[in-house]
Amino acid sequence: MTLDQVISNVIYNKDVHNLLKRSDLTQPYGEIIQFQIDECADNDTSIEKEGFQIGEPFNGALENAPILFLSSNPAFNFDEVSPRYFADSGKVFNPEHISATKRVKFSDSSREYSFDEIRKMFIEPQKEMSFDEIKTFFKTRIQTSPARNDKDQTLRIPLKDGGTVGVPYWTCVRNNTEILLPTHLKNKWTSLNPSQRAREIMKYAVCMEIVPFRSNGEEGVANANATCWNDFTRDLLDLSGASVIVIVGDKVLDSFVSNIAPKAMGTLTARQIYHIKIGNKDRLIVKIDFTQGKIRRFKEFFDDGVIAELQNAVASSPLVQKAIQNPVNS
């Protein structure tokens, strides 16, 4: 299966779309769909109006990035500007969002404007997204995340009111990715401000989840786990360019071992590297603790020998070698 086929199977998932149309919330994705329906209701609207926040096949340059962080499923933020699927049209749209810079001129003060007319003046209309636009959104989402200022190293997502909010998980990924990158590469970023540097680091990491559909508190993950491994996760791991795969947390470890590497449990729980071939590519697998929404720092978790082996694998990746040889775009 090609990468585009797997991405399409996630974002245009027939099981999810059929459930939305029938309102028959059966397994395996029923709980996740119900979660998003309930979130819309809690915000005094409906999923028909807001749209279903589509699945995330991955975030980052999956085919080229040398480090892949594998977790359970992506978090849901009701106010995030992210692609939405609308069951009535069967299409994916950019969500409406208020533009903080937009101003309305009332040239005819005698006219009375309805609420909907005023709302449209302040809100950008929805735009249907092509497959290539959706794919680009996920490939560049972290690397183009908005910053509050040049000193802001926090990786953020845009919100519908024009603001942004930080993603702590991405920040943990950024910190650990930087540890594994070679000094020769990081020395090339001396002219970058902290915000640019944070996004440069994330060119070398991919965030991926076993279950690509969004909820909070891993709601619905257990029921969707096996189906996702069969339909997406295994293929995405095969197609990834990662030489280092970081398993995030105990639940993800259990799932990974059950589906990919039955003999890996002892090695990974001992904080050692498990060597395996996935998709005809040699991979180094490690497991890191995940508590209270944060990933442990590599230097606090692994010994120097493990970190050195991971660093060597990352340094030899084609993407890193090419970046070392080429000038950085500031």
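Helices (H or I, at least four residues) and strands (E, at least two) in these legends are DSSP runs, numbered from the N terminus. The model shown is a predicted one, so to speak: local features need pLDDT of at least 70, side-chain atom pairs count only at pLDDT 80 or more, and totals for chains, interfaces and linings use all residues. Residues are numbered from 1 along each chain as its sequence is written, and side-chain values use heavy atoms, with hydrogens and water left out.

View 1. Look for S9 (residues 244–248) next to S11 (residues 281–288): they're parallel, with 5 bridges, and isoleucine 247 stands opposite lysine 287 in S11. Contact means heavy atoms within 4.5 Å.

**View 2. Inside the largest nonpolar core.** A nonpolar core is a set of buried Ala, Val, Leu, Ile, Met, Phe, Trp, Tyr and Cys residues joined through side-chain atoms within 4.5 Å. Buried means under 20% relative accessible area, exposed over 50%, and partly exposed in between (1.4 Å probe, protein chains only). This core has 56 residues, and Tyr29, Leu68, Met208, Phe213, Phe256 and Ile285 touch the most other members. Helix H10 (residues 221–239) gives the most to it, with 7 residues. Apart from this core lies another, of 39 residues, with Tyr169, Cys172, Leu185 and Ile307 among them.

**View 3. Helix H9 and its serine.** Down in H9 (residues 194–201), the buried residues are Ser195, Ala198, Arg199, Glu200 and Ile201. Their cover includes helix H7 (168–180) and strand S8 (205–209). Serine 195 counts as buried because its relative accessible area is 7%. Leaving out residues up to four places away in sequence, serine 195 touches Ala147, Asn149, Asp150 and Asp152.

View 4. S3 (residues 84–86) and S4 (residues 91–94) pair up antiparallel over 3 bridges, with phenylalanine 86 opposite lysine 91. Between these strands are 4 residues, and glycine 90 takes a positive phi near 70 degrees in this hairpin. S4 is also joined to S5 (residues 127–128), again antiparallel, by 2 bridges.

**View 5. Aromatic partners.** Rings of Phe, Tyr and Trp (its six-membered ring) pair if their centres lie within 6.5 Å; planes under 30 degrees apart count as stacked, over 60 as edge-to-face and the rest as tilted. There are 11 aromatic pairs in the structure. One of them is tyrosine 169 with phenylalanine 290, edge-to-face at 6.0 Å centre to centre and 80 degrees between the planes. Tyrosine 169 is in helix H7 and phenylalanine 290 in strand S12 (residues 290–291), so the pair ties together parts 121 residues apart in sequence.

Definitions and conventions: Two strands pair if DSSP finds at least two bridges between them.
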